[in-house]
Amino acid sequence: MPLIDIRDLSVSIPTPDGDVHAVRSVSLEIERGEIHGVIGESGCGKTMTGMAVLGLVPKGARITAERFHFDGEDLREKAQSLRGRHIGLISQDPAAALNPVLSIARQMDDVIRAHRDLPRKARRAEAASLLAATGLPDPERVLKSYPHQLSGGMQQRVVIAQALATGADFLIADEPTTALDVSVGAQVLALLRRLVAERGLTVLMITHDMDVIAEACDRATVLYAGRSVETGPVEAVLNRPGHPYTRALLAALPDAAPHGARLAAIEGSIPPPRSAIAGCAFAPRCPQAMPVCAAEPPPERVRGTHRWLCHLPEDAA
Ligand code: SF4
């Protein structure tokens, strides 16, 4: 059984001008011990999918799904209680995730005390040990510091140590390298890979950056207009993409695109989030669109564990 098992998830937010379909139909299976990348342009639904798993959707949002499970438990009922205990968040901006007026020692202690029944000295030792596990060279000095005295890379390691302190075994990393420079971002990705190997963690990596998918992820799911349109092992998705949207994303990458570069624009734009979509959402932008594409939902094409949605026959990919 996959740790995360999501089938046909939708998240709609009612507004006076009609429902915003933030997520229309996302299916996602994440096995234990893998880093699973979710990639797509802005507005594709990747962050809202992560927020739904964390139970942090906007007030009034409607969630529907055929399955929406974490380790067999229904996230519609259990997300709040699983957050922190089993599911942790590494956010894009570590400076915003840390309290600027409290020392790192105090912030680490608050997290450990909330999740573990340990005496004060043991909590301090645990905090230092977790900071050391994230590769921070002088944990005692870090504990005495305030966030503004640390670099962005060090702050992100503290945020990761806090996530570990909760005992969470599944982490949602939402663009964890976007606020960091290239080499520091690469170190954070290497750290996540090491923690997955050493501690048996599982990571959902939300990103707009194909380099992050290639460097850090085992499998990837491509989202378009709130739908998962392709999923599979990273090697297959990047080297033998099935969906024309994935191919367009890869073709739009300049060969020398700097690491961290946003996905280049593809001609046309994604459908407005309030619009209804009858067939394939990519049809208005797809160079291979056929009359059936705008009228009927595309079928699933399967090549082993690599799957995508498209009216084109499997051998056309
Ligand atoms: Fe293009 Fe049609 Fe495939 Fe959609 S279903 S990606 S429009 S070929």
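Residues are numbered from 1 along each chain as its sequence is written. In this predicted model, local features need pLDDT of at least 70, side-chain atom pairs count only at pLDDT 80 or more, and totals for chains, interfaces and linings use all residues, while side-chain values use heavy atoms, with hydrogens and water left out.

**Exercise 1.** Describe the largest pocket and its lining.

Step 1: Start with the term: on a 1 Å grid over the protein atoms alone, a pocket is an open set of points with protein on both sides within 12 Å along at least five of seven lines, a cavity is a set where a 1.4 Å probe fits but cannot get out, and lining residues have an atom within 4 Å of a point.

Step 2: Find the centre of the pocket; among its 29 lining residues, Arg 7, Ser 27, Ser 228, Glu 300 and Leu 309 lie nearest to it.

Step 3: Sort the lining by class: eleven residues are nonpolar (Ala, Val, Leu, Ile, Met, Phe, Trp, Tyr, Cys and Pro), ten are charged (Asp, Glu, Lys and Arg) and eight are polar (the others, Gly among them).

**Exercise 2.** Characterise the lining of the largest cavity.

Step 1: Look for Pro 244, Cys 280, Cys 286, Cys 293 and Cys 310, which lie nearest the centre of this cavity, out of 13 lining residues.

Step 2: Now count the classes: ten nonpolar, three polar and no charged residues.

**Exercise 3.** Work out how H4 and H7 are arranged.

Step 1: Locate the helices (DSSP runs of H or I, at least four residues, numbered from the N terminus). H4 covers residues 104-115 and H7 residues 152-165; their axes (lines fitted to C-alpha atoms over the stretch in contact) are 9 Å apart, at an angle of about 20° on a scale from 0 to 180 degrees between N-to-C directions.

Step 2: Angles under 35 degrees count as roughly parallel, and H4 and H7 are therefore roughly parallel to each other.

Methods
Helix = DSSP H or I, 4+ residues; strand = E, 2+ residues; numbered from the N terminus. Parallel < 35°, antiparallel > 145°, perpendicular 65-115°, else oblique.
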